[in-house]
Amino acid sequence: MADRGFTIWFTGLSGSGKSTLSEIIERRLQEHGRNVEILDGDMVRTHLSKGLGFSREDRDTNIKRIAFVASLLTRNGVVCISAAIAPYQEARAWARKEIGNFVEVYVKCPIEVCRQRDIKGLYKLVDEGKIKNFTGVDDPYEEPEHPEVVVETDKETPAESVARIFTKLVELGYLGPEVLYEDTRAAVAMNQVG
């Protein structure tokens with residue numbers, strides 16, 4: 001199991017907490033000796049998808065590029081974490097099929113809360129008319145229909161969200177129980193007994 005690669009595919013609005021959760025999970029997995037790579041949406045657009053715009057076709061191309069890299073990493077035993085908005089259900093379904101060992105995590109957060117966080121100042125630029133076709137505002141975001149995990153970052157702490165994600169990864173057989181915190185291990189063991 002230690003060498004089994006898989007992809008954690010975060011999806012959610014800008015400001016929902018995808019990057020924050022990705023970084024915490026990356027550190028925890030590295031502490032357990034796993035090779036981990038994060039494909040963050042901003043980093044991918046700077047290096048892998050430079051020149052792509054935000055039309056539906058360009059967004060789908062961006063997701064296909066992320067999925068291609070994730071599939072290479074996954075099949076070579078790496079834990080790949082994708083932290084891109086990935087607004088369209090069809091593109092995410094394509095990524096799931098392409099990658100195989102795929103765990104979709106919907107980082108659910110109301111747009112009002114994402115706007116309040118607005119670390120990058122993007123919603124402000126949208127409101128000023130400087131950015132068009134922004135997901136969740138004037139471009140659609142299609143919520144996942146059957147994600148493996150839904151975390152609600154306006155209602156739970158990052159630690160609680162991460163614990164729920166790790167619990168699911170153990171349940172799915174991607175990780176052993178040693179990655180869980182003591183209290184989470186006990187809860188998982190009780191659920192398996194009952």
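Buried means under 20% relative accessible area, exposed means over 50%, and partly exposed lies in between, with a 1.4 Å probe and protein chains only. By that scale Glu171, at 47% relative accessibility, counts as partly exposed.

The structure is a predicted model: local features need pLDDT of at least 70, side-chain atom pairs count only at pLDDT 80 or more, and totals for chains, interfaces and linings use all residues. Residues are numbered from 1 along each chain as its sequence is written, and side-chain values use heavy atoms, with hydrogens and water left out.

**Helix α4**

Helices (H or I, at least four residues) and strands (E, at least two) are DSSP runs, numbered from the N terminus. Helix α4 spans residues 89–99, and its buried residues are Gln89, Ala91, Arg92, Ala95 and Ile99. These residues lie on the same side of α4 because they cover an arc of only 165° around the axis, the arc being that of the directions from the helix axis to the C-beta atoms. Glu90 and Lys97, on the other side of α4, are exposed. The cover over the buried residues of α4 includes β1 (6–11), α3 (56–75) and β4 (102–108), where contact means heavy atoms within 4.5 Å. After α4 comes Gly100, with a positive phi near 90°.

**Salt bridges**

A salt bridge is a side-chain nitrogen of Lys or Arg within 4 Å of a carboxyl oxygen of Asp or Glu. The search of the whole structure finds 9 salt bridges. Three of these pairs are set out here.

| Pair | Closest N to O |
|---|---|
| Glu104 and Arg92 | 3.0 Å |

The bridge between Glu104 and Arg92 links distant parts of the chain, with Glu104 in strand β4 and Arg92 in helix α4, 12 residues apart. Both Glu104 and Arg92 are buried. In the second pair, Arg164 is partly exposed, with a relative accessible area of 39%, whereas Glu156 is buried at 15%. Lys168 and Glu171 are 3 residues apart in helix α7, which means that about one helical turn separates them. An α-helix has 3.6 residues a turn, so residues three or four places apart point the same way. Lys168 is partly exposed, with a relative accessible area of 24%. Elsewhere, salt bridges that share partners join Arg92, Arg96, Glu104 and Glu148 into one network.

**Aromatic rings**

Rings of Phe, Tyr and Trp (its six-membered ring) pair if their centres lie within 6.5 Å; planes under 30 degrees apart count as stacked, over 60 as edge-to-face and the rest as tilted. The whole structure holds 3 aromatic pairs by this search. One of them is the tilted pair of Phe6 and Tyr174, at 4.9 Å centre to centre and 35° between the planes. This pair links distant parts of the chain: Phe6 is in strand β1 and Tyr174 is in the loop between α7 (158–171) and α8 (182–193), 168 residues apart. Phe6 and Tyr174 are both buried.

Tyr106 and Tyr141 form a stacked pair, at 6.0 Å centre to centre and 25° between the planes. Here Tyr106 belongs to strand β4 and Tyr141 to the loop between α6 (122–127) and β5 (149–152), 35 residues apart. Tyr106 counts as buried at 7% relative accessibility, and Tyr141 is buried with a relative accessible area of 16%.

A charge sits over a ring if NZ of Lys or CZ of Arg is within 6 Å of the ring centre and within 35 degrees of the ring normal. Arg28 lies over the face of Phe166, at 4.4 Å from the ring centre. The charged end of Lys64 is placed over the ring of Trp94, 5.2 Å from its centre.
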